[in-house]
Every structure is written in structure tokens, then in C-alpha cells.
Amino acid sequence: MQIERYDGDREALLSLFALADDSAMQISRYIDEGEVLVAREGGEIVGHAQIIDTGDTGAFELKSIAVTQARQGEGLGRLLVAAAITRCRERGGQRLIVSTASCDIGNLRFYQLQGFRMSRIVRDAFGPSTGYPEGMLVDGIPLRDQVVFEYDLGAD
């Protein structure tokens, strides 16, 4: 497995971005921002992580991360997060934020296992006004609120 910076056409990664975000409207707003790391195996891209500078000194955001469905559960997401942390530290980062839906139990668990800590809730972040279908369910729970996590890049 090789993780490297991706400088190609981001439209080629659209299927991965769509695995990470159910809103095409939101993806179109951020797909070209920041830098993207990809996980490759045998020349095939099997995952990505997008890092965006937030504009706050020393703060970066892990805006999008996904692993192809066929390769999920193999630890590739963990490797991509570790590579993103390393890259943010190289860039002088002090903290890395990531957000996910409060109803996505798997993501809540995943980010906490990677060392992220919950920092705040954004109520009603998901809905038609932000490009998400009305009444959408994740794990049987209505998609409404967003949980923002932070990782202290000075820790360890």
C-alpha cells in the first residue's frame, strides 16, 4: 500500500468523494480545495483523504475521506488518517478537525478510535438547503446534526 499526494484531475476521484458525502452540491463546492492524498495498490486508487486549510492559524480540516467499498474494513482508513495527520504536522498544523453526521455511528466510533475528540454539534446541518434529501436515514437514525471532532497535532 502506498499513500501519496494526488495532483491529477479530481473528477477521477468523484466516486470516492460520493462515498464520503451524500450531497453532490456540497462535493462540488469543495472537491477542488486543499490537497488530496490517495492510497494506491498495484496502481489502483483505493482510497483518498482531502485536507483543507481552514484559514485559522494552525488548523486544518480533513474534509473528505473514503475507501472503496471492496477494501473497507482492512485498515486503509486508519492509514489515510495517519498520513493526513503527518502531512498537517509537516505543514505546521496544531489541530486537525473533521466532521460527520451525528447519526453515523460507524464514523463516530472510527474518529474516536483515531484519537479525535468531540468538540461541538452543529444542529440541522443536513437537509434540503444543504443538498441532502429530506427524511434521509443513516443506521435508522434521521440525518440532521453534525458532530465536529478535533485532533491535537501536538499530542503523541
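Which residues do ring pairs link into a cluster?

1. Ring pairs join Phe-110, Tyr-111, Phe-116, Phe-149 and Tyr-151 into a cluster. The model is a predicted one, and the remarks that follow should be read with that in mind. The count of aromatic pairs comes to 6. In one of them, Phe-17 and Tyr-30, the ring centres are 6.3 Å apart and the planes stand at 45°, so the pair is tilted. Phe-17 belongs to helix 1 (residues 14-20) and Tyr-30 to helix 2 (residues 24-30), so this pair ties together parts that are 13 residues apart in sequence. Both Phe-17 and Tyr-30 are buried.

2. Phe-116 and Tyr-151 are both buried.

3. Leaving out residues up to four places away in sequence, Phe-116 touches Val-81, Leu-96, Val-98, Tyr-111, Phe-149, Glu-150 and Tyr-151.

4. The sheet is open and has 7 strands in the order 1-2-3-4-5-9-6, with mixed pairing. Strand 1 (2-6) and strand 6 are the edge strands, each pairing on one side only. On average, neighbouring strands of this sheet are turned by 30° against each other, direction ignored.

5. Strand 3 can be followed through its two pairings. Strand 2 and strand 3 pair in the antiparallel sense over 7 bridges, and in strand 3 the bridge partner of Arg-40 is Ile-45. The hairpin of strand 2 and strand 3 has 2 residues between the strands, and Gly-42 there takes a positive phi near 60°. Strand 3 and strand 4 also pair in the antiparallel sense, over 7 bridges, with Gly-47 opposite Val-67 in strand 4. In this second hairpin, with 5 residues between the strands, Gly-55 takes a positive phi near 95°.

6. Where is the parallel sense found? Strand 4 (residues 59-67) and strand 5 (residues 95-101) pair in that sense over 3 bridges. In strand 5, Arg-95 is the bridge partner of Ala-59.

7. Two helices lie across strands of the model. Helix 3 (residues 76-90) lies across strand 1, strand 2 (35-41), strand 3 (44-53), strand 4, strand 5 and strand 9, and runs at about 155° to strand 4. Helix 4 lies across strand 4, strand 5, strand 6 and strand 9, at about 165° to strand 5.

8. The length of helix 3 can be checked. At 1.5 Å a residue, its 15 residues should span 21 Å, and the end C-alpha atoms are 21 Å apart, which agrees. Just after helix 3, Gly-92 takes a positive phi of about 80°.

9. Burial along helix 3 also deserves a look. Leu-76, Gly-77, Leu-80, Val-81, Ala-83, Ala-84, Ile-85 and Cys-88 are buried in this helix. An α-helix has 3.6 residues a turn, so residues three or four places apart point the same way. Leu-79 also lies in helix 3, but at 32% relative accessibility Leu-79 counts as partly exposed. Apart from neighbours within four places in sequence, Leu-79 is in contact with Met-1 and Ile-3.

10. The largest nonpolar core has 25 residues, and those with the most contacts inside it are Leu-62, Ile-65, Leu-96, Tyr-111, Phe-116 and Phe-149. Two or more residues each come from strand 2, strand 3, strand 4, helix 3, strand 5, helix 4 and strand 9. Helix 3 gives the most to this core, with 7 residues. Apart from this core lies another, of 11 residues, among them Leu-16, Tyr-30, Ile-31 and Val-36.

Methods. Residues are numbered from 1 along each chain as its sequence is written. This is a predicted model: local features need pLDDT of at least 70, side-chain atom pairs count only at pLDDT 80 or more; totals for chains, interfaces and linings use all residues. Side-chain values use heavy atoms; hydrogens and water are left out. Rings of Phe, Tyr and Trp (its six-membered ring) pair if their centres lie within 6.5 Å; planes under 30 degrees apart count as stacked, over 60 as edge-to-face and the rest as tilted. Helices (H or I, at least four residues) and strands (E, at least two) are DSSP runs, numbered from the N terminus. Buried means under 20% relative accessible area, exposed over 50%, partly exposed in between (1.4 Å probe, protein chains only). Two strands pair if DSSP finds at least two bridges between them. Axes are lines fitted to C-alpha atoms, for helices over the stretch in contact, and angles run from 0 to 180 degrees between N-to-C directions. Contact means heavy atoms within 4.5 Å. A nonpolar core is a set of buried Ala, Val, Leu, Ile, Met, Phe, Trp, Tyr and Cys residues joined through side-chain atoms within 4.5 Å. The expected span of a helix is 1.5 Å times one less than its number of residues.
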